[in-house]
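Student: I have a structure to go through with you. Can we put it up and start with a pocket?

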Amino acid sequence: MAQMMQNPLSIHKCPLQVRIPALSSVKSLQWRPPKPRQKLRINKISAVLETGKSPVISEPEIANNNNGSSNGVMVKKNAAMAPSVIEVDSVTEADLKENGFRSTKRTKLVCTIGPASCSFEQLEALAMEGMNVARINLCHGTRDWHHNVIRNVRKLNEEKGYAVAVMMDTEGAEIHMGDLGGAASVKAEDGEVWTFSVRAFNGSLPPHTIQVNYDGFAEDVKVGDELVVDGGMVRFEVIEKQGPDVKCQCTDPGLLLPRANLTFWRQGRLVRERNAMLPTISSKDWLDIDFGIAEGVDFIAISFVKSAEVIKHLKSYIAARSRDSDIGVIAKIESIDSLKNLEDIIKSSDGAMVARGDLGAQIPLEQVPSVQQHVVQLCRQLNKPVIVASQLLESMIEYPIPTRAEVADVTEAVRQRADALMLSGESAMGQFPEKALAVLRSVSLRIEYWCREEKKHESMYLPDIATSLSDSVSEAICNSAAHMANNLEVDAIFVYTRQGSMGSLLSRCRPDCPIFAFTSSTSVRRRMNLQWGLIPFRLDLSDDMESNINRTFALLKARGMIKSGDLVIAVSDMLQSIQVMKVP
């Protein structure tokens with residue numbers, strides 16, 4: 001370790017087991033200044049600063065001495081070679097400039113886009129408040145509407161330098177309500193009688209009538225059954241059956257939303273025999289998936305996943321339809337079937353979502369918190385990003401501040417170190433989408449800071465997940481880098497990754513410092529924006545690790561995002577290396 005630190009730019013080949021020195025001994029080590037050959041003297045920095053332009057920085061020219069030889073970065077000048085640029089969004093830049101490394105948000109934020117947040121200006125406002133992923137829900141809206149949302153998100157990324165990913169959520173083949181005749185919502189009052197029907201109506205729906213998408217609905221329910229809407233937001237009791245119509249009396253009043261999920265209970269038990277027979281991916285879902293592939297979305301979330309085979313089948317379908325696509329498949333954990341096959345489902349997917357609303361309609365409410373924690377821990381162990389979703393700040397659909405219980409709920413998800421938190425109705429149709437996101441961001445930042453300062457986060461055993469020697473080396477490097485970062489109290493970890501694999505492994509370790517992830521792929525940059533602690537940059541990478549590091553230092557220093565003396569650890573999946581250094 002001492003030899004490595006004497007020459008901070010030397011590459012340290014990390015063995016599979018690395019002994020980390022105690023913090024007391026590390027602090028006694030003296031850093032030697034970089035050799036003159038390694039210092040950067042910047043003659044010219046060209047940055048695009050105009051409003052509405054992507055915040056990119058071009059590569060500094062190499063300073064020459066009087067003899068004309070380079071005493072800067074060892075890069076060959078080639079007139080045909082395009083200048084390097086680094087892409088970073090204004091929010092990250094402002095945080096690093098004003099508050100330093102430790103101020104950056106680690107927990108990622110997902111916003112469901114709806115009528116309250118679909119314009120370019122509204123999307124930009126959400127991005128400025130910290131939105132990392134924009135979710136479109138195919139249960140609602142037309143494909144033309146969703147196309148316009150995706151176009152606005154892409155425009156935002158191109159013009160403003162963001163890396164907001166797009167997640168498409170399928171409807172699933174479970175039992176759903178219809179569109180409520182075009183109404184945005186309808187209030188069901190206590191004692192009112194409503195008709196749930198499988199009939200097709202010409203023209204407008206009769207008053208207090210709801211269409212159901214499942215033809216066998218009237219046959220399956222019985223008088224006395226309890227009908228639960230949207231995970232318990234409204235409840236009805238079945239009082240009469242008339243052919244294709246089912247008369248129900250409202251017992252728990254609330255707001256009915258279009259395409260809401262329906263479940264029915266009998267004598268305190270969920271009636272699920274029919275649901276278990278329905279396919280996970282419906283015919284409509286396949287058409288929506290084709291739409292998502294054509295639009296180049298970053299993630300497709302599959303509702304009501306029952307087995308790993310569904311995920312594998314979808315992945316093979318995506319690969320066949322778009323060989324160059326880089327679409328991740330997210331498994332939504334929201335049913336009893338999902339819990340029965342949980343580990344296999346997560347292993348086969350590219351991430352998971354704890355959809356607590358629908359999940360709470362299928363298991364006792366008191367079991368939801370423990371299931372959430374189990375899913376979050378399992379995803380981290382298996383190196384899969386996990387999203388905690390549903391009703392985080394539900395009251396902010398109507399009110400400008402959340403309840404204290406909602407803040408405590410968000411706090412628990414952050415303490416569990418979930419990769420991301422998701423707003424649903426709060427950002428899609430609520431009256432205060434920006435305020436809701438600001439609350440989510442401020443609470444996340446405060447709890448993350450508190451956990452670091454008080455060392456409140458619990459260590460977790462992370463099993464080996466590598467399946468090859470090369471993967472084992474990468475995994476060992478990332479584990480070691482995270483331990484070193486905590487022991488040395490470094491300012492940041494820099495990871496240079498082409499496909500995002502080492503960035504994901506570092507995120508899994510949850511180090512105290514932020515992780516700067518540099519990739520040459522725009523799509524990989526967006527996908528990394530879902531993972532805990534990763535700050536994704538786009539940078540043209542070369543095979544010369546020293547050149548990548550020196551160019552990164554020069555470009556970030558020019559923007560004021562790092563400064564001389566900052567201590568960083570750099571890792572790369574191109575050379576499978578670790579370097580410890582101070583910024584010159």
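Tutor: Helix 17 (469-488), helix 18 (501-509) and helix 19 (522-528) each supply at least two lining residues to the second largest pocket. Helices (H or I, at least four residues) and strands (E, at least two) are DSSP runs, numbered from the N terminus. The model is predicted, so local features need pLDDT of at least 70 and side-chain atom pairs count only at pLDDT 80 or more, while totals for chains, interfaces and linings use all residues. Residues are numbered from 1 along each chain as its sequence is written, and side-chain values use heavy atoms, with hydrogens and water left out.

Student: What counts as a pocket and its lining here?

Tutor: On a 1 Å grid over the protein atoms alone, a pocket is an open set of points where a 1.4 Å probe fits, with protein on both sides within 12 Å along at least five of seven lines; lining residues have an atom within 4 Å of a point.

Student: Which helix gives the largest share of that lining?

Tutor: Helix 17, with four residues.

Student: And how many residues line the second largest pocket, and which lie nearest its centre?

Tutor: The lining has 25 residues, and N383, K384, G500, S501 and S504 lie nearest the centre. By class there are eight nonpolar, nine polar and eight charged residues. Ala, Val, Leu, Ile, Met, Phe, Trp, Tyr, Cys and Pro count as nonpolar, Asp, Glu, Lys and Arg as charged, and the others, Gly among them, as polar.

Student: Where does N383 sit in the chain?

Tutor: N383 is in the loop between helix 13 (368-381) and strand 18 (386-389). Its phi is near 60°, a positive value in a residue other than glycine.

Student: Why does N383 count as buried?

Tutor: Because its relative accessibility is 18%, and buried means under 20% relative accessible area, exposed over 50%, partly exposed in between (1.4 Å probe, protein chains only).

Student: What about phi of Q391?

Tutor: Also a positive value, near 60°, in a residue other than glycine. Q391 lies in the loop between strand 18 and helix 14 (404-415), and counts as partly exposed because its relative accessibility is 33%.

Student: New topic: is strand 7 mostly covered or mostly open?

Tutor: Mostly covered: four of the five residues in strand 7 (residues 193-197) are buried.

Student: Which strand pairs with strand 7 in the antiparallel sense?

Tutor: Strand 11 (residues 245-252), over five bridges, with F196 opposite V246. Two strands pair if DSSP finds at least two bridges between them.

Student: And which in the parallel sense?

Tutor: Strand 8 (residues 209-211), over three bridges; there S197 stands opposite Q211.
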